[in-house]
Amino acid sequence: MNQLPVRWQSARVARITQLTPRIKSVVVTPSRPFRFTAGQHVDIRLTAPDGYQALRSYSIASSPETAGTIELAVERLDDGEVSPFLHDILAVGDEIELRGPLGGHFVWSRADGGPLLLLGGGSGVVPLVSMVRCLRDAGISVPMVLLLSARRLAEAAFHDELTGLARKIDQFWFFLSLTREASSQADFARRIDAPMVSEVLRPLPSLPAHVFICGSNSFVNAASDGALSAGIPAATIKTERYGG
Amino acid sequence: MAITRGFGGRKQPPELADRIPPGQHLENGFPVLSAGPTPHVEPAKWTFTLKVGPRPVKTWNWAEFNALPVTKMTRDIHCVTTWSKLDTAWEGVLIDDILADADLVPPTAFVLAHSFDDYSTNVPFADLSGKAMVAVRYEGRPLERDHGGPARLLVPHLYFWKSAKWINGLQFTERDEPGFWETHGYHMYGDPWREQRFAGD
């Protein structure tokens, strides 16, 4: 594949919103706007006065149909170097360096069709939210299931929006699993396992053509083992592991 | 270079500064990354095949492969997702020793590594000879499944996606053929000291 280099550019912080106690939405306006595919990420580069640079990747949460701005969702890692800066110091109006779009594997566009199974653990839901928003904006009929696993309801980023979209979109189903709290809003109260994957597959007219799994390594391993035991071929499963 | 308002950065220990490439940070854990489900590869079903183009030259089973000379290597490793881990200790079979056992003189300058999960990655032979191994042990223990067990390629001086997990063979190719990530926008060579993360870097 012959590709043009993806250059660094400056982006202005347009909006910062606390989504959960640990996750903030950061909306930026790149100086040179670009098209992307749902599931892709950008790299952020911070530069200290002594020239030291720190680089991290963040998945894009916004819809590919949204022009001009990019929404990222950043989980604060207490012992991290970049996420505490993005949470505690970054302010609207600041300029940061960014490049993208990056990543050509964990991606879905409307041309890829469905049915689609999306399994997200914690902040691993971010690239999956971009796929659901893509479905919303593209006005196409692709059967899509999203299962979000979080510790507590307050930590389930995008929960309200996903619940609302499931009511609005005929072919979209949203399931919530909470691992450390009982709630009437949760469909499951345990870690992801094979029976849970089988159950959330039920609304789909057939086995999914594409499966996207994103979260911690332990979540991804449990979710992909569940998908495999539900009869989904390994070749249709794409994974992204956070914390790496 | 645009300075980011309010960013000081975490100070790298000065004695390690010349071991951590630009844009990388020190990691003490061992993060796991992979593009698909983690395959279950039992040693009883494991094989390793050396090929020239489409032609198999030699295949080893697990016992035969483990009878080859074992070399220990302690190296720093660098993942393109920006973590670097220092002094990682590996044991395995040098690529040179695999070729010697097959009586194969390198027929081309280019190699594709292949894995049980259909992953592949390209490495020039010059970067394998004397520098790389098929690792079967990490920190004195059999290599864990999450980290590529039972066997992975180890090419420590290139970004770690070149060190293919769950390896099942090496294939000499006529040209430098892109592997999995290389066809998805990542750099053909992947030198961390030149920050060759993506095509065009």
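Analyst: A residue is buried if 20 or more other C-beta atoms lie within 10 Å of its own, exposed if 12 or fewer, and partly exposed in between, with C-beta atoms placed from the backbone. The model is predicted: local features need pLDDT of at least 70, side-chain atom pairs count only at pLDDT 80 or more, and totals for chains, interfaces and linings use all residues. Residues are numbered from 1 along each chain as its sequence is written, and chains are lettered from A and ligands numbered from 1 in the order in which they are written.

User: Is A:Arg190 buried or exposed, and why?
Analyst: A:Arg190 counts as exposed because it has 12 C-beta neighbours inside 10 Å.

User: Where does A:Arg190 sit?
Analyst: In the loop between β9 (172–178) and α4 (194–201) of chain A. Helices (H or I, at least four residues) and strands (E, at least two) are DSSP runs, numbered from the N terminus.

User: What does A:Arg190 touch?
Analyst: Leaving out residues up to four places away in sequence, A:Arg190 touches A:Ser177 and A:Thr179. Contact means that the C-beta atoms, placed from the backbone, lie within 7 Å.

User: Switching to the sheet. What is the strand order?
Analyst: The order is β4-β3-β6-β1-β2-β5 in chain A, an open sheet of six strands with antiparallel pairing. Two strands pair if DSSP finds at least two bridges between them.

User: Which strand does β5(A) pair with, and over how many bridges?
Analyst: β5(A) pairs with β2 (residues 23–30) of chain A, antiparallel, over six bridges. A:Val26 is opposite A:Leu72 there.

User: How many residues of β5(A) are buried?
Analyst: Six of the six, so β5(A) is largely enclosed by the rest of the structure. In a regular strand, side chains alternate between the two faces of the sheet. On one side of β5(A), A:Ile70, A:Leu72 and A:Val74 are buried; on the other, A:Glu71, A:Ala73 and A:Glu75 are buried too.

User: And what about β3(A)?
Analyst: Mostly covered, with five of its seven residues buried. Seven bridges tie β3(A) to β4(A), antiparallel, and A:Asp43 faces A:Ser57 in that pairing. The two strands form a hairpin with five residues between them, and A:Gly51 in the turn has a positive phi of about 95°.

User: What's on the β6 side of β3?
Analyst: β3 (residues 41–47) and β6 (residues 95–102) of chain A run antiparallel, joined by four bridges. A:His41 has A:Leu102 as its bridge partner, and A:Ile44 is opposite A:Leu98.

User: Now the helices. How do α4(A) and α5(A) cross?
Analyst: Their axes come within 8 Å and cross at roughly 60°. Axes are lines fitted to C-alpha atoms, for helices over the stretch in contact, and angles run from 0 to 180 degrees between N-to-C directions. That makes α4(A) oblique to α5(A). Angles under 35 degrees count as roughly parallel, over 145 as roughly antiparallel, 65 to 115 as roughly perpendicular and the rest as oblique.

User: Which residues meet there?
Analyst: From α4(A), A:Ala194, A:Met196 and A:Val197. They meet A:Ala223, A:Asp225, A:Gly226, A:Ala227 and A:Ser229 in α5(A).

User: Last one. How many residues of each chain make the contact of chain A with chain B?
Analyst: Chain A gives 38 residues and chain B gives 32 residues. On the chain A side, β4(A) supplies the largest share, five residues.

Note on methods:
Contact = placed C-beta atoms within 7 Å.
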